[in-house]
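The structure comes first, then the notes.

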Amino acid sequence: MSSLPVAVRAGAVSGQPQPVIDAGGGLHLRPFVEADADVLVRAYADPAIERWHRRTLTGDEALEWVRGRAWHRWQAETGAEWAVVDGGVVVGRVGLPVLHLGEGVAEVGYWVLPEGRGRGVAGRALAALTDWLFVLGLHRIELMHSVLNQPSCRVAAKNGFGLEGTRRSALLHPDGWHDMHLHARLAPD
Ligand SMILES: CC(C)(COP(=O)(O)OP(=O)(O)OC[C@H]1O[C@@H](n2cnc3c(N)ncnc32)[C@H](O)[C@@H]1OP(=O)(O)O)[C@@H](O)C(=O)NCCC(=O)NCCS
């Protein structure tokens, strides 16, 4: 019996500490720590982040978010989260809600705190993370957003995530089902 091809071997992520990634211009990505709980609570209280990420966070949930979503998922190689830091201050988050090493596929997600918006933070963080994922050996990075979320569509398009289509009525938001744009970027040859 022949075995399936594997894009990236198991252990390639959990076998290394989660890296700090330089995004240029004083911006870097680093793992979340428990001291970030307050900024996470504030982030998910922002109406735009609450709307598009479909949740709020209490202080206890924020700690669980750091330990579970941001730490255990790295160990399990099922996803990851990075704080986006500008001059020592957390201004946003970029992460991998989905990671399939064997298939060479991940999905990215991001938000930027209101005071950090409008100066290219999401795009630079996304570009730096995508470069790192391609060096890791991933083949395809996907990005999805509600068709009503124009700024996110712009961030995706400006960073090489081509629009592949619309997933109809694909995600339930507080105001009902939203059509979702599917964007993706492929590893360079
Ligand atoms: C989407 C988000 C991450 C963008 O972060 P950012 O660092 O401020 O993004 P930028 O300033 O680099 O780019 C936003 C782009 O959208 C454009 N834009 C902003 N508001 C817009 C609108 N209402 N309609 C169309 N385009 C808009 C900006 O002009 C900019 O494009 P440009 O660089 O060509 O001028 C941020 O607004 C955010 O966190 N929003 C709430 C959470 C969210 O939407 N997360 C993504 C879920 S998929």
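## Residue S169

S169 lies in strand β7, residues 162–173; helices (H or I, at least four residues) and strands (E, at least two) are DSSP runs numbered from the N terminus. The phi of S169 is near 50 degrees, a positive value in a residue other than glycine. S169 counts as partly exposed because its relative accessibility is 40%, where buried means under 20% relative accessible area, exposed over 50%, and partly exposed in between (1.4 Å probe, protein chains only).

## Basis of the values

The model is predicted: local features need pLDDT of at least 70, side-chain atom pairs count only at pLDDT 80 or more, and totals for chains, interfaces and linings use all residues. Residues are numbered from 1 along each chain as its sequence is written, and side-chain values use heavy atoms, with hydrogens and water left out.

## Helix α3

The 18 residues of α3 should span 26 Å at 1.5 Å a residue, and its end C-alpha atoms are 24 Å apart, which agrees. The expected span is 1.5 Å times one less than the number of residues. A kink of about 35 degrees is centred on W65 in α3; the bend at a residue is the angle between axes fitted to the seven residues ending there and the seven starting there.

Buried residues of α3 include W65, V66 and W74. The buried residues of α3 pack against α1 (37–45), β3 (80–86), β4 (89–100) and α4 (121–136), with contact meaning heavy atoms within 4.5 Å.

## Positive phi around α3

R54 is in the loop between α2 (47–53) and α3 (59–76), and its phi is near 60 degrees. Just after α3, E77 has a positive phi of about 60 degrees.
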